[in-house]
There are 2 protein chains.
Amino acid sequence: MPAPTPPDRYTVRSVQRALRVLEIVSSEPVSGMSLTEISQALGASKSTTLATARTLTAHGILRSIDPGPRYKLGTALIRYGDLASQQSPIGEVCLPILREVSAATGMTARMALAEQGYPVCIERIDGPGTIRFHAPLGRREPPHATAAGKAMLAMLSEERVSEICRETGLRRHTAHTITDVATLFVELDAVRRRGYAVDDEEEVDGVFCIGAPFFDHNGACAGAISVTGIKHDLPGWKLAEMGRLIGHHADEVSKLLGGPGFLEVSSRLSRVTGAPSGRVEAER
Amino acid sequence: MPAPTPPDRYTVRSVQRALRVLEIVSSEPVSGMSLTEISQALGASKSTTLATARTLTAHGILRSIDPGPRYKLGTALIRYGDLASQQSPIGEVCLPILREVSAATGMTARMALAEQGYPVCIERIDGPGTIRFHAPLGRREPPHATAAGKAMLAMLSEERVSEICRETGLRRHTAHTITDVATLFVELDAVRRRGYAVDDEEEVDGVFCIGAPFFDHNGACAGAISVTGIKHDLPGWKLAEMGRLIGHHADEVSKLLGGPGFLEVSSRLSRVTGAPSGRVEAER
DNA sequence: CCGAAGTGTTCGGTACTGCCGAATCAGGTT
DNA sequence: AACCTGATTCGGCAGTACCGAACACTTCGG
């Protein structure tokens, strides 16, 4: 009994499989994976897996380490990753500003793009501090539990935010995560008033972020920049002071993209929602 | 008349095609490519190309920008690239050292892995200078025309070097490129004596590099670190002084990898080749 | 020292997938 | 409005890319 409805007409199964292989291999951080391990995780025969792996290897997407070939991610991915961040001219534009932010705050500075409402970090400048946390690039981060995410959500319509909340389910990450829509809306309102968002141990315990959105030439929120640090050794900065700094630099990014500053966007927003906008302009 | 010999039994054609799509899209730096453009470059029908592109897009490898969908590299590639450089723990280990080198010299510091004799840069720390050149990651660079390449070649057997030369054909990049095997061997000998390699406008006009090899726990040359700068505004450094600095830091990398220092390797080499080793130890 | 069990690799045959081409649809331009 | 460019849809055949089973090879354990 052949399936009467092809799963998806516009999809290439072998390519999908290849991409799943990539996913599988990337999940094994350091030691690489053997062919059988991959084929088991993939649920396909070894011969199929071998052909796929060979093809990927020939293009440098994987590399096989003898003996007893173990597969790891190949250097071509590094190249493509590098090219991908260049294809967003935003990344290029942001780097000097991130460097400035990192130098001024001594923290790790990051830039995230808005990808269907989710923040995806595409650039990062580590601070001089010795402590490093795993801040991977290219990962969709939880919108409700990160500074960049909340900065971006605050610029979206109430309906869109609700939609995103339904998708993610407002998953709890730490004791401080906002897991309830009403509270989130209050928080987003505060973000709009202040011009920057704060993540106070809401995604990772002991870690603290401040983020502010930037805007492209259409006036849409294109992403956010943020700084990340260990809460414990947060230096003598005042929160508001640092928030203003990040906001200022986010506006610089907007300007480079030909977009409006936060002030402009926010006054437009508050005119629509009818909220008083006085505080906004006073703050930033 | 179907080809009696299948092109390659152990290869998946649709995956190959997909990877060629990736290659094609990555070649268009900024504006993205339309479906027809891709399908023309690919030499396949639009329907086929569409299915492939859709599959890649669904996994975040490409992203399609409306209107009139134009395809660009997706953020998943950034993630994989990041993971790939972490899967080489060498990259992780090197970063602080690269930072140090960059800070000490004011130039762009880079780290290349040895991939079948070719240098592939996987990490880079830009110097504070304003001038930036395109130093892409993950690309196989010409071994005979770069400092990192020559540093690595100098650690290989004469036969292996000849082999690589045959492969590349010692292509000329600038007026200063070494295009003849005999000259290259003399140069490599000098590299072995000095402990560092110099690329004096041999790959790109006006650009200047110094590189030194590092070694893994098997004592094999695993790669090289190098600094790159504009020849014109090369500061008041003495060449030998900077060479020693790079060499010193390369040795630090070796140590972190559990490998021998340059001195150790080079004395072993010269014992084999019978060349006098006195100079080597005096230099570094 | 020799088996046994685990690898990775090769190869036939066949079901089905993924290819092409032509037709349709959408949007912008003259 | 008619045109044109480009994206999308769909039918149908061909070939390919699956699977399974047999074959090498290494690594243990007895």
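**Salt bridges and the chain contact**

Modeller: A:Arg140 has a relative accessible area of 37% and is therefore partly exposed. In this predicted model, the side chain of A:Arg140 forms a salt bridge with A:Glu115, with 3.6 Å between the closest N and O atoms. A:Glu115 belongs to strand E4 (residues 108-115) of chain A, whereas A:Arg140 sits in the loop between E5 and helix H6 (147-153), so the pair ties together parts that are 25 residues apart in sequence.

I turn now to the contact that you asked about. Chain A contributes 53 residues to it, and chain B contributes 53 residues. Between them the two chains bury about 4,800 Å², and 58% of this area lies on carbon and sulfur atoms. Of the area that chain A buries against chain B, A:Ile78, A:Tyr80 and A:Gln87 supply 15%, more than any other three residues.

Four salt bridges are counted between chain A and chain B. In a salt bridge between B:Arg79 and A:Glu23, the N to O distance is 2.7 Å.

Several elements of chain A each supply at least two residues of the side that touches chain B: helix H1 (13-26), helix H3 (46-58), strand E3 (70-73), helix H4 (75-87), helix H5 (89-105) and strand E5 (118-125). The largest share, twelve residues, comes from H4(A). By class, this side of chain A has 23 nonpolar, 16 polar and 14 charged residues.

With neighbours within four places in sequence left aside, A:Lys72 is in contact with B:Gln87 and with residues of chain A, among them A:Val25, A:Val30, A:Ile61, A:Leu62 and A:Ile65. The relative accessibility of A:Lys72 is 11%, so this lysine counts as buried.

As for the context, chain A has eleven helices and eight strands. Of its 284 residues, 52% count as buried. Its accessible surface comes to about 13,200 Å², with 54% belonging to carbon and sulfur atoms. Among contacts in chain A between residues at least 6 apart in sequence, 57% join residues at least 24 apart.

Over all chains, the structure holds 26 salt bridges. One of them joins the side chains of A:Glu201 and A:Lys231, at 3.7 Å from N to O. This pair links distant parts of the chain, 30 residues apart: A:Glu201 is in the loop between strand E6 (197-200) and strand E7 (207-215), and A:Lys231 is in the loop between strand E8 (221-230) and helix H9 (239-256) of chain A. A:Glu201 is buried because its relative accessible area is 17%, whereas A:Lys231, at 33% relative accessibility, counts as partly exposed.

In chain B, the side chains of B:Arg192 and B:Asp189 meet in a salt bridge at 3.2 Å, N to O. These two residues are three residues apart in helix H8 (residues 181-194) of chain B, and are therefore separated by about one helical turn. B:Arg192 counts as partly exposed at 23% relative accessibility, and B:Asp189 is partly exposed with a relative accessible area of 35%. Finally, A:Lys150, A:Glu187 and A:Glu202 are joined into one network by salt bridges that share partners.

Key. Residues numbered from 1 in each chain as written. Chains lettered and ligands numbered in written order. Predicted model: local features only at pLDDT ≥ 70, side-chain atom pairs only at ≥ 80, totals over all residues. Heavy atoms only, no water. Contact = heavy atoms within 4.5 Å. Buried area = accessible area lost by both parts, 1.4 Å probe. Helix = DSSP H or I, 4+ residues; strand = E, 2+ residues; numbered from the N terminus. Nonpolar A, V, L, I, M, F, W, Y, C, P; charged D, E, K, R; others polar. Buried < 20%, exposed > 50% of the residue type's maximum accessible area, 1.4 Å probe, protein only. Areas by Shrake-Rupley, 256 points an atom, 1.4 Å probe, with all protein chains shown as cover.
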